[in-house]
Amino acid sequence: MSGHLFIRGGTVIDPASGMQARRDVLVRDERVAAVSEAIGDESVRGATVIDAENCLVLPGLIDMHVHLREPGYEYKETIETGTRAAVAGGFTTVACMANTNPVNDSAAVTEYIHERAQAARLARVYPIGAVSKDLKGQELAEIGEMHRAGIVAVSDDGMPIMNGDLMRHALEYTAMFGLPVIVHEEDRSIAADGVMNEGAQSLRLGLKGVPAAAEEAMTARDLALLARTGGRLHIAHVSTAGAVELIRAAKGRRLPVTAEVTPHHFTLTEAAVGAYNTHAKMHPPLRTAHDVEAVRRALADGTIDAIASDHAPHHRDEKEVEFDRALNGVVGLETTLALALRMAGEAKIPLDAIIAAMTVNPARILGLPLGTLAPGATADITVVDPRRRWTVQASRFRSKGRNTPFEGMELQGQAIVTIVGGRVVWRAEDA
Ligand SMILES: [Zn+2]
């Protein structure tokens, strides 16, 4: 029965309200009706019971950076398969990037994405509009029109905005709507045609490298522009210690900047490229152990606000080619939660900080009325068994994408029930 659920005996972690305690949760009519030590029999009559004993009960996870590939690249992923992967991974909400075909640079494409997401009835989907028309980096897209159609941010993600004047105008113009500009920080004139991190590994493999300076130079430029515009800047997939330092300093000066890190950047180093493994190819590239340490520390101290998958499915033919020619990106919706839990354990970061980075923080950055389990809140809930052990097998993904660098890795922790608006949209087979 939809909209009337009794989630019994789990540990509720709700960073937005500062709660971390064993609680029962009652859901009624798409809302959180009560969060209490013991909910009386009277109020749970007729409710579907979900046993959350030894489990975590979290606000529905939010992934603010995914590529759903529809319209235009349905052979890689569709909104239906992408949101099925999302709910299987514990995500109740995703925000999808604009690099589809056609590009999401108009209200028509934004509306199409909304329609497809509503038809799928799985995770909530919030479209991100393009900054520039057709991602060409020359003139601004129809941002006002897309804002009315429901975009939550703008980004040319995948295509760094080399034109600094356009970037400045984007920050100024989006300030009128309160929309963040999400940036892929890479100075192409420095990155040139690099395919992995520039360093000892790239030398050994004979591959052209992308220096950390490509990311840091662009980050510094955008922070300098931000200081003059009054807009809001969100820095996607931070990968270098130097970029972390720039963001930390900017936050110290109270600039309206936020940032995210991906599971691959906080888990893997350039060593994962190994013998030309194209599943370890992405932009920005995997960096060094020093950088991994820096992004982890940045998550711990709040310099980095959010964890985002940068879920980027590709067809196998686009990865089973020589390293230079392989497309960039990895899938992440079905591995992000367990990798975040693993990293929290290794780096000794409190669980509530990690959960905040996957719930209330991205909700605030995108202005979504989600990310909390406070009574009255929308009943988007993820029930996680933190002890459940599993092995990454791409062949079992719900995503069409199989391009993961984590194949065969043994992980712990999995979403066993995912609830969107009071409706169970995912339940693990044996839960
Ligand atoms: Zn990107």
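## The second largest pocket

In this predicted model, the second largest pocket is lined by 24 residues, and those nearest its centre are Trp390, Arg396, Arg398, Gln414 and Trp426. A pocket here is an open set of points on a 1 Å grid over the protein atoms alone, where a 1.4 Å probe fits, with protein on both sides within 12 Å along at least five of seven lines, and lining residues have an atom within 4 Å of a point. Two or more residues of this lining come from each of helix 12 (336-347), strand 16 (381-391) and strand 17 (410-420), and strand 16 gives the most, with four residues. Helices (H or I, at least four residues) and strands (E, at least two) are DSSP runs, numbered from the N terminus.

The space in this second largest pocket is about 430 Å³, a volume being the space filled by probe spheres set on the grid points, which are joined across faces, edges and corners. Its lining has 10 nonpolar, seven polar and seven charged residues; Ala, Val, Leu, Ile, Met, Phe, Trp, Tyr, Cys and Pro count as nonpolar, Asp, Glu, Lys and Arg as charged, and the others, Gly among them, as polar.

## Two domains

The chain is divided into domain 1 (5-57 + 377-427) and domain 2 (60-366), with bounds that come from an automatic or database domain assignment. Because both domains give residues to its lining, the second largest pocket lies between them. The C-alpha centres of domain 1 and domain 2 are 26 Å apart, and 36 residues of domain 1 are in contact (heavy atoms within 4.5 Å) with 47 residues of domain 2.

## The largest pocket

The largest pocket has a volume of about 590 Å³. Of the 27 residues that line it, Asn99, Asp157, Gly158, His314 and Asn328 lie nearest its centre, and by class the lining holds nine nonpolar, 11 polar and seven charged residues.

## Helix 9 and helix 11

The axes of helix 9 (residues 241-252) and helix 11 (residues 289-301) come within 8 Å and cross at roughly 25°. Helix 9 is therefore roughly parallel to helix 11, a term for angles under 35 degrees. Axes are lines fitted to C-alpha atoms over the stretch in contact, and angles run from 0 to 180 degrees between N-to-C directions.

From helix 9, Ala241, Val244 and Arg248 meet His290, Asp291, Ala294, Val295, Arg297, Ala298 and Asp301 of helix 11. The residues of this contact divide into five nonpolar, one polar and four charged.

## Basis of the values

Residues are numbered from 1 along each chain as its sequence is written, and side-chain values use heavy atoms, with hydrogens and water left out. As the model is predicted, local features need pLDDT of at least 70 and side-chain atom pairs count only at pLDDT 80 or more, while totals for chains, interfaces and linings use all residues.

How values were computed. Parallel < 35°, antiparallel > 145°, perpendicular 65-115°, else oblique.
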